[in-house]
Amino acid sequence: MLRPFAFVGVTMRPDRVLDPEVLTNLLSLGGEEFVREIFADFRTESARRLEAIAAGLTARDGTAIARAAHAPVSSAGNVGAAELSGTARHLERAALSGEWEEVDLLAGRLREGYEAVSGAMASWPPSPPAG
């Protein structure tokens, strides 16, 4: 049975993909180069996790999907991608429960969210407004 999640089927707002407060905190820890390295590591590891989730979907292996979805719960939160973190958390739970219709929806949403976050990371830091 599908449980309603507010973010399923809703496009992430570009201004909410990465939390500016988290980015400010990361900048204060190590500067722009530090943040770029964290972003690069996040994108690399997330791509691996998405591949593992895709393989789990093909095999209908809920345990493998849950395992692959677990890491992004914290890593996405650490880079300020709270919506992505929440999606990963719900995917992990749905996979462990064997709720395949929900798993399919959430896996797609996780991929979309990763693409939005990756795009925001690639264009970071934003250009200052002209004025």
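First, a word on where the values come from. This is a predicted model, in which local features need pLDDT of at least 70 and side-chain atom pairs count only at pLDDT 80 or more, while totals for chains, interfaces and linings use all residues. Residues are numbered from 1 along each chain as its sequence is written, and side-chain values use heavy atoms, with hydrogens and water left out.

The protein chain has four helices and zero strands, and from the N terminus on the order of elements reads α-α-α-α. Here helices (H or I, at least four residues) and strands (E, at least two) are DSSP runs, numbered from the N terminus. Of the 131 residues in the protein chain, 37% are buried, where buried means under 20% relative accessible area, exposed means over 50%, and partly exposed lies in between, with a 1.4 Å probe and protein chains only.

Let me move to the charged side chains. How many salt bridges are there? The count comes to six, if we take a salt bridge to be a side-chain nitrogen of Lys or Arg within 4 Å of a carboxyl oxygen of Asp or Glu.

One of them joins the side chains of Arg 36 and Glu 32, at 3.0 Å from N to O. Both residues belong to helix H1 and sit four residues apart, about one turn of the helix. Arg 36 counts as partly exposed because its relative accessibility is 35%, and Glu 32, at 39%, also counts as partly exposed.

Another salt bridge is formed by Asp 104 and Arg 60, whose closest N and O atoms are 2.9 Å apart. This pair links distant parts of the chain, since Asp 104 is in helix H4 and Arg 60 is in the loop between H1 and helix H2 (62-78), 44 residues apart. Asp 104 is partly exposed, with a relative accessible area of 35%, and Arg 60 is partly exposed too, with 40%. Please keep Arg 60 in mind, as I will return to that residue.

The side chain of Thr 87 reaches the backbone oxygen of Glu 83 at 3.0 Å. Thr 87 is placed in helix H3, and this residue is buried, with a relative accessible area of 1%.

Now for the aromatic rings. A pair of aromatic rings is described by two things, the distance of the centres and the angle of the planes. Rings of Phe, Tyr and Trp (its six-membered ring) pair if their centres lie within 6.5 Å, and planes under 30 degrees apart count as stacked, over 60 as edge-to-face and the rest as tilted. The structure holds one aromatic pair. The ring centres of Phe 39 and Trp 124 are 5.6 Å apart and their planes stand at 80 degrees, so the pair is edge-to-face. Phe 39 is in helix H1 and Trp 124 is in the segment after H4, 85 residues apart, which makes this a link between distant parts of the chain. Grid points are joined across faces, edges and corners, and a volume is the space filled by probe spheres set on the points. There is one cavity of 30 Å³ or more, and the largest cavity has a volume of about 50 Å³. H1 gives the most to its lining, with three residues.

Finally, the backbone. A cis peptide bond joins Trp 124 and Pro 125, with omega at about -5 degrees. As promised, Arg 60 returns here, with a phi near 55 degrees, a positive value in a residue other than glycine.

Notes
1 Å grid on protein atoms, 1.4 Å probe; cavity = no way out; pocket = protein on both sides within 12 Å on 5 of 7 lines; lining within 4 Å. Polar contact = N/O pair within 3.5 Å; in protein donor to acceptor, adjacent residues only side chain to side chain.
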